[in-house]
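User: Hi! I'd like to go through this model with you, one question at a time. Shall we start with the charged pairs and then turn to the pocket and the surface?

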Amino acid sequence: MKEITGRLAQQLLDTYNQQNIDEFLGVYSDNVTVITFPGDEVMYRGKEKMGEMYSQLFKNNPNQHAELISRMVKGNIVIDYEYVTGRANGQTVYLCNSDV
């Protein structure tokens, strides 16, 4: 399980950096729910909404790139800590992402 989960997380990171929306979304289920972390506030639900959000993000930030700083895998849970550069506003961001 750990190997498959880690491979899927890496596929997400790779397709995010390639800004390949179809391949990026292909890893998620149709009923994906995105919540705040830490916390439990629902940001949005569904692959269609996720596609809208990330398509806009990619369009607005064509030079952005996420560098993996660390990854923890436990069963079907992955937590990635990333450093994102190349955003249109010039800001760099540290992100913590969790995928189940």
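This is a predicted model: local features need pLDDT of at least 70, side-chain atom pairs count only at pLDDT 80 or more; totals for chains, interfaces and linings use all residues.

User: Is R71 buried, partly exposed or exposed?

Analyst: Residues are numbered from 1 along each chain as its sequence is written, and side-chain values use heavy atoms, with hydrogens and water left out. Buried means under 20% relative accessible area, exposed over 50% and partly exposed in between, using a 1.4 Å probe and protein chains only. R71 has a relative accessibility of 24%, so the residue counts as partly exposed.

User: Which residue forms a salt bridge with R71?

Analyst: A salt bridge here is a side-chain nitrogen of Lys or Arg within 4 Å of a carboxyl oxygen of Asp or Glu. The closest N and O atoms of this pair are 2.7 Å apart.

User: How many salt bridges does a search of the whole structure find?

Analyst: One of them joins the side chains of E3 and R7, at 3.2 Å from N to O. Another joins E52 and K49, with the closest N and O atoms 3.8 Å apart. Over the whole structure, the search gives a count of four.

User: Which helix holds both E3 and R7?

Analyst: Helices are DSSP runs of H or I with at least four residues, strands are runs of E with at least two, and both are numbered from the N terminus. E3 is exposed, because its relative accessibility is 61%. E3 and R7 lie four residues apart, about one turn of the helix, and that helix is α1.

User: Why are E52 and K49 separated by about one helical turn?

Analyst: Both residues are partly exposed, E52 at 44% relative accessibility and K49 at 36%. They are about one turn apart because they share helix α3 at a spacing of three residues.

User: Which element gives the most to the lining of the largest pocket?

Analyst: A pocket is found on a 1 Å grid over the protein atoms alone, as an open set of points where a 1.4 Å probe fits, with protein on both sides within 12 Å along at least five of seven lines; lining residues have an atom within 4 Å of a point. The largest pocket has 37 lining residues, and Y28, V34, N97, S98 and D99 lie nearest its centre. Among the elements that give two or more residues are α3 (47-60) and β5 (93-99). With seven residues, the top contributor is α1.

User: How far apart in space are G6 and V73?

Analyst: G6 sits in helix α1 and is buried, at 15% relative accessibility. In sequence, G6 and V73 are 67 residues apart. Their C-alpha to C-alpha distance is 6.6 Å.

User: Where is I69, and which residues form a nonpolar patch with I69?

Analyst: I69 is in strand β3 (residues 65-74). Its relative accessible area is 43%, so I69 is partly exposed.
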